[in-house]
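Subject: Structure handover

Hi,

Here is the structure for you to look over. Please open it next to this message and check the points below as you read.

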Amino acid sequence: IPDFSEEPSVLVGQPAATKPPPPATIEAARRTAAFAYAKLGELEMRKQRFPWAEDHISKAVWWDESLPGIQVLQAWVRYQSGDLMEAIDPIKTGLRQQPRNPDALQLLTRITIDLIDNQRLREAEECAGFLLSLEPETAYFYVLRGRIKAEEGDFQAALKDFARALELNPGIPEAHYNSGVLKLKDGNIEAAVQEFDLELQI
């Protein structure tokens, strides 16, 4: 693939055979190269050859980082490779470009859950806050932040988030379960049992 980032070199004393391509041509060429590398990366992902997929997708990002979905694809391949922390920046960039992308939202949700499970609470809280900035009416994102607050020992903030989740979606069992666990730890056994009963009814 030719490199259109620089003008063609000209030998001393020889006229240029062609004029440098106009900016629109350069942009189209970069977009085409990025698209080709992205497709190659997708094929390698399907074969579960993640190091090769990462290499191709990184090249696609280099050619044209604004290619729709490319940042999300890069995040997916890094996540599948086990590079949890390296997946965060591209998935956030992808969501800034496409805030309603369901695949991107799902991936960042999975990353946040994994961060909580691995006790990477600061990073998890940043991810949960980012999700809430995009989707403030999504109940499950409050559950995620509530879990983080609970792990940090801030039970009141956690219960507040679980309550907000139930306001948005009364049928979300995780909010009842986590609220019950915290109330049980606080010695409020009757309230805890009530939460568990409500979860069982869903």
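What follows is a short account of what was found, from the overall fold down to single residues.

**Overall**

Please keep in mind that this is a predicted model. The chain has 10 helices and 0 strands. From the N terminus on, the order of elements is α-α-α-α-α-α-α-α-α-α. Of the 202 residues in the chain, 39% are buried. Take the contacts with a separation of 6 or more: 50% of them join residues 24 or more positions apart.

**Core**

The largest nonpolar core holds 53 residues. Which of its members touch the most others? They are Ile70, Ile91, Leu108 and Ile111. Helix 6, residues 121-134, gives this core its largest share, with 8 residues. As background, nonpolar side chains in soluble globular proteins tend to be buried together.

Beyond its neighbours within four places in sequence, Ile91 contacts Gln71, Val72, Ala75, Ala104, Leu107, Leu108 and Ile111. Two of these, Leu108 and Ile111, are also among the core members that touch the most others.

Next, look at Ala87. This residue sits in the loop between helix 3 and helix 4, the latter spanning 88-97. Is Ala87 buried or exposed? Its relative accessible area is 0%, so Ala87 is buried. Leaving out residues up to four places away in sequence, Ala87 touches Ala75, Arg78, Tyr79 and Ile111. Ala87 and Leu107 are 20 residues apart in sequence, and their C-alpha atoms are 9.3 Å apart in space.

**Aromatic pairs**

The count is 3 aromatic pairs. Two are described here.

One is formed by Trp62 and Trp63. The pair is edge-to-face, with 5.1 Å centre to centre and 85° between the planes. The two partners differ in accessibility. Trp62 has a relative accessibility of 52%, over the 50% cut-off, so Trp62 counts as exposed. Trp63 has 10%, under the 20% cut-off, so Trp63 counts as buried.

Another pair is Trp76 with Tyr79. Why is this pair edge-to-face? The planes of the rings are at 90°, which is over the 60 degrees needed, and the centres are 6.3 Å apart, within the 6.5 Å limit. Both residues are in helix 3, residues 70-80. They are 3 residues apart there, so about one helical turn separates them. Trp76 is buried at 16% relative accessibility. Tyr79 is buried too, with a relative accessible area of 14%.

**Largest pocket**

The largest pocket has a volume of about 150 Å³. Its lining consists of Ile116, Arg147, Ala150, Glu151, Phe155, Phe162, Tyr177, Asn178, Val181, Leu182 and Lys185. Which helix gives the largest share? Helix 9 does, with 5 residues. By class, the lining has 7 nonpolar, 1 polar and 3 charged residues.

**A buried charged residue**

Glu44 lies in helix 1, residues 23-46. With a relative accessible area of 8%, Glu44 is under the 20% cut-off and therefore buried. Not counting residues up to four places away in sequence, Glu44 touches Arg49, Trp52, Ala53 and His56.

**Backbone points to check**

Most residues other than glycine have a negative phi. Two residues are worth a look on this point. Gln48 is not a glycine, yet has a positive phi of about 60°. Gln48 is in the loop between helix 1 and helix 2, with helix 2 covering 50-63. At a relative accessible area of 59%, Gln48 is exposed.

Gln119 likewise has a positive phi of about 60° without being a glycine. Gln119 is in the loop between helix 5 (102-117) and helix 6. How accessible is Gln119? The relative accessibility is 44%, so Gln119 counts as partly exposed.

Best regards

Technical notes. Residues numbered from 1 in each chain as written. Predicted model: local features only at pLDDT ≥ 70, side-chain atom pairs only at ≥ 80, totals over all residues. Heavy atoms only, no water. Core = buried A, V, L, I, M, F, W, Y, C linked by side-chain atoms within 4.5 Å. Buried < 20%, exposed > 50% of the residue type's maximum accessible area, 1.4 Å probe, protein only. Helix = DSSP H or I, 4+ residues; strand = E, 2+ residues; numbered from the N terminus. Contact = heavy atoms within 4.5 Å. 1 Å grid on protein atoms, 1.4 Å probe; cavity = no way out; pocket = protein on both sides within 12 Å on 5 of 7 lines; lining within 4 Å. Points joined across faces, edges and corners; volume = space filled by probe spheres on them. Nonpolar A, V, L, I, M, F, W, Y, C, P; charged D, E, K, R; others polar. Phe/Tyr/Trp six-rings, centres within 6.5 Å; stacked < 30°, edge-to-face > 60°.
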